[in-house]
Amino acid sequence: MEISNLKPLFPDISQDNAPVIIAGPCSAESKEQVIQTADELKQLGVKIFRAGVWKPRTKPGGFEGMGSIALQWLSEVKRSTGMLVATEIASPQHLNEAMEANIDAIWIGARTSANPFAVQEIADAFASMTEEERDSIAVMVKNPVNADLELWIGAMERLYAAGVRRLGAIHRGFSSYGNHIYRNQPEWRIPIEFKRRLPEIPLICDPSHIGGRRDFIAPLSIQALRMNFDGLIIESHCNPDCALSDSAQQITPQELGEILKTINRRGDALSGEILSDLRRQIDEIDDRLIDILSQRMAVAREIGRLKRENDMPVVQPERYNSLIKKRVETAENMNLNPDFMRRILAEIHEESVRQQFDI
């Protein structure tokens, strides 16, 4: 499906090619917290305030948001500051309540965008509205929790087919098993391909959810803007250490102000921050490589024990040749140099043989 002739995501905000900045707490916890944070962000020039009202939690028992009453607090922010207000929805009921509260923008979260049934229900709700009603609210879609570009694009197509024309996308990274440097892996190639295929849709980066840590927000923000993202959505709380959800990835408005100054810098300092972040990624990957190689050699030693007990030869050329052929073909499909892979595999095999002989 071709997605074209979209309307501006935030037509009332003059950006002059500056990045869109959406900021506010992960969750709306109290009227006082919401108003204080909004007032401090307003002083920074932030024009779009975000706060979660309904919070999907991985496990029961966590803070699941204040619910509908918090929409009134967002409406108060809109009246008192003139800022636009945004929140997450996961159902047609959420959508209807948000629109009744005159919320300016909504986003569909990563768990919801991964479910075509849920997205279609929201799309059907939009389809039942008038064009004027649909155009009254900006609709953004976060990438699904898993690294599935087609599922992300499919969610966009469902909303577009329902008549939604103020569409945007949010890249919040992808979940993966195990411990990693980032909470959600950026997998930058996926949003890049998204932008190539759907160039009209503004693409906003969520460094808070990608990094999962305050100190990652600045370098991730810089990297995203250098990659031509259209804006940032950043979690900012007046007292993040006491936040009821995702406290580790929220920053104060004052800290956000420093980041906004940083992303306007150019030159060596900016490049240096990006380089430092990329080096951290390399360090993490290298650590994983070492761990995987250690696991492989442990398996090789077990094979050596079995071969010794059954009087089998350590080197089996036929299996080795077959293995090399398959691995090199796989590597080529992933754009790795085949000669490089042959050398790497030969070294790994030689060390495996040595470990087996030691047994």
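Contact here means heavy atoms within 4.5 Å. The structure is a predicted model.

**Nonpolar cores**

The largest nonpolar core holds 74 residues. Those with the most contacts inside this core are F49, F126, W152, M156, L159 and F194. Helix α7, residues 149-161, supplies the largest share of the core, with seven residues.

Leaving out residues up to four places away in sequence, F126 touches L95, R134, I137, V139, L159, A162 and V164. A second, separate core has 15 residues, and V20, A86, A105 and I170 are among them.

**I170**

I170 sits in strand β6, which spans residues 167-171. Is I170 buried or exposed? The relative accessible area of I170 is 0%, and the cut-off for buried is under 20%, so I170 is buried.

Which residues does I170 touch, not counting those up to four places away in sequence? They are W107, M140, V141, K142, N143, W152, I204, D206 and I233.

**Helix pairs**

Two packed pairs are set out below.

| Pair | Axis separation | Angle |
|---|---|---|
| α1 (residues 31-43) and α11 (residues 253-262) | 9 Å | about 25° |
| α5 (residues 116-127) and α7 | within 8 Å | roughly 20° |

Take α1 and α11. Their angle is about 25°. Angles under 35 degrees count as roughly parallel, and α1 and α11 are therefore roughly parallel to each other. The crossing of α1 past α11 is right-handed. On the α1 side, T37, E40 and L41 make the contact; on the α11 side, P253, Q254 and L256 do. By class, the residues of this contact are three nonpolar, two polar and one charged.

Now α5 and α7. Their axes cross at roughly 20°, and the two helices are therefore roughly parallel to each other. The α5 and α7 crossing is right-handed. From α5, the contact uses P116, V119, Q120, I122, A123 and F126. From α7, L151, A155, R158 and L159 take part. The classes here are eight nonpolar, one polar and one charged.

F126 and L159 link these two topics. Both are listed among the residues with the most contacts inside the largest core, and both belong to the contact of α5 with α7. F126 also touches L159 directly.

Note on methods. Residues numbered from 1 in each chain as written. Predicted model: local features only at pLDDT ≥ 70, side-chain atom pairs only at ≥ 80, totals over all residues. Heavy atoms only, no water. Axes fitted to C-alpha atoms, helices over the stretch in contact; angles between N-to-C directions. Helix = DSSP H or I, 4+ residues; strand = E, 2+ residues; numbered from the N terminus. Parallel < 35°, antiparallel > 145°, perpendicular 65-115°, else oblique. Left-handed = near helix turned anticlockwise from the far one by under 90°. Nonpolar A, V, L, I, M, F, W, Y, C, P; charged D, E, K, R; others polar. Core = buried A, V, L, I, M, F, W, Y, C linked by side-chain atoms within 4.5 Å. Buried < 20%, exposed > 50% of the residue type's maximum accessible area, 1.4 Å probe, protein only.
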